[in-house]
Amino acid sequence: MHILTTLLLVGVSLGAAADSGEDDVNFWLQRMVNAVHSLNYDGTFIFLHNTQLESMQIIHTVDDNEERERLISLNGVAREVFRDGASVTCIAPDRKSVSVGNRLSGQGFRAIFSVDVGQLSDYYDFHLLGEERVAGRQTRVVAIIPQDAYRYGYRLYLDKEHAFPLKTDMLNLSGVPISQLMFTQLDVHNSSHEIDEISLEGKEDYRWIQQKPMRTISDKQFSGWSFEALPEGFDVTLHSKRRVGKSGDEIDHFVLSDGLASLSVYIEVDDNVGLRGGSTMGTINAYGTTISGHQITAVGEVPDKTVERIANSLRFSQE
């Protein structure tokens, strides 16, 4: 038995068999996806990552099939994020900045809340583990176990009433939680309600940053660059190019994903000060190398061997 599977099974008390039909892991995950995106709710959760503990308030509402969501940091700097169907606005008082960009789905920790079992079944195994109590509610526990060492696993605790994910553990290759998100309070409402948009009062002197949209790529050849021998399931999903600094040099930015795990790859002119080898900060791994006179840096919430292999999979050919 896979070591991660074993650790997951002993980490959760196996509950009594549920009613017929509720023992289907696909049933629970589909209910979870629907709950996260279609329910009207507000609550408070804690997020433990990189040895930091954050407390956040979330307000989510759906009106005419459009999601609107506001996140407010409750400790430390009072950062706020507002999302709607088209855009994401972030206010960072510590940086005196307001960032506005297009909304992208399926990235970061939130990707787990849009999981597609059919798309991922070649790379992950899915199991129901039992029941546990979280935030005063009884939950069904679901394990998502990678089939190789190029991606992390997850353990989800789904509220039995709504299948809402009250707790989410990201697990390393040994089955140890490396990032945890847990609700301490959640209220689900029967109807949508207004969400106050972020107030810009007193922020007139903030620096405004308009994120440029990324274009979808359908070809594996990008400005002479191509990826070869990627880990199974990973592919390029986004690509952008931008100029930086006074030199006007261009940086290529690629996003690769297997549908759940994702990482970025940056390509720029080598200036001999870029990252060489691996680096780790909490759940984030990075790997830097040089290829054909360019600095290559791969970074993402994936195992260290994933960023190393993908960085070294790049090939350059003059067009």
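N65 counts as exposed, at 77% relative accessibility, in this predicted model. N65 lies in the loop between β2 (52-63) and β3 (66-73), and its phi is positive, about 65 degrees, although N65 is not a glycine. Most residues other than glycine have a negative phi. The chain as a whole has 4 helices and 20 strands, and buried residues make up 47% of its 319 residues.

**Loops**

- A163 sits in the loop between β9 (153-159) and β10 (165-171).
- G282 is found in the loop between β17 (277-281) and β18, where it is partly exposed, with a relative accessible area of 46%.
- From C-alpha to C-alpha, G282 and T51 are 7.2 Å apart in space, although 231 residues separate them in sequence.

**Chain and surface**

- Of the contacts between residues at least 6 apart in sequence, 50% join residues at least 24 apart.
- The accessible surface of the chain is about 16100 Å², and carbon and sulfur atoms account for 47% of that surface.

**Nonpolar core**

- The largest nonpolar core has 68 residues, and the members that touch the most other members are I144, F227 and V265.
- Helix α2 (residues 25-38) gives the most to this core, with 7 residues.

**Helix α4**

- In helix α4 (residues 304-312), the buried residues are T306, V307, I310 and A311.
- These four lie on the same side of α4, because they cover an arc of only 120 degrees around the axis.
- The cover over the buried residues of α4 includes strands β13 (225-227), β15 (249-257) and β16 (262-269). It also includes β18 (284-291), β19 (294-300) and β20 (314-316).

**Aromatic pairs**

- The count of aromatic pairs comes to 6.
- F27 and W28 form one of them, an edge-to-face pair with 5.8 Å from centre to centre and 85 degrees between the planes. F27 is partly exposed, at 32% relative accessible area, whereas W28 is buried, at 0%.
- W225 and F316 form a tilted pair, with 4.7 Å from centre to centre and 45 degrees between the planes. The pair links distant parts of the chain: W225 is in strand β13 and F316 in strand β20, 91 residues apart.
- W225 is buried, at 2% relative accessibility, whereas F316 is partly exposed, with a relative accessible area of 26%.
- Strands β13 and β20, which hold W225 and F316, are also among the elements that cover the buried residues of α4.
- Ring pairs join Y41, F45, F164 and F183 into a cluster.

**Charges over rings**

- The charged end of K305 sits over the ring of Y150, 4.9 Å from the ring centre.
- The charged end of R151 sits over the ring of Y124, 6.0 Å from the ring centre.

Definitions and conventions
Residues numbered from 1 in each chain as written. Predicted model: local features only at pLDDT ≥ 70, side-chain atom pairs only at ≥ 80, totals over all residues. Heavy atoms only, no water. Buried < 20%, exposed > 50% of the residue type's maximum accessible area, 1.4 Å probe, protein only. Helix = DSSP H or I, 4+ residues; strand = E, 2+ residues; numbered from the N terminus. Arc of directions from axis to C-beta. Contact = heavy atoms within 4.5 Å. Areas by Shrake-Rupley, 256 points an atom, 1.4 Å probe, with all protein chains shown as cover. Phe/Tyr/Trp six-rings, centres within 6.5 Å; stacked < 30°, edge-to-face > 60°. Lys NZ or Arg CZ within 6 Å of the ring centre and 35° of its normal. Core = buried A, V, L, I, M, F, W, Y, C linked by side-chain atoms within 4.5 Å.
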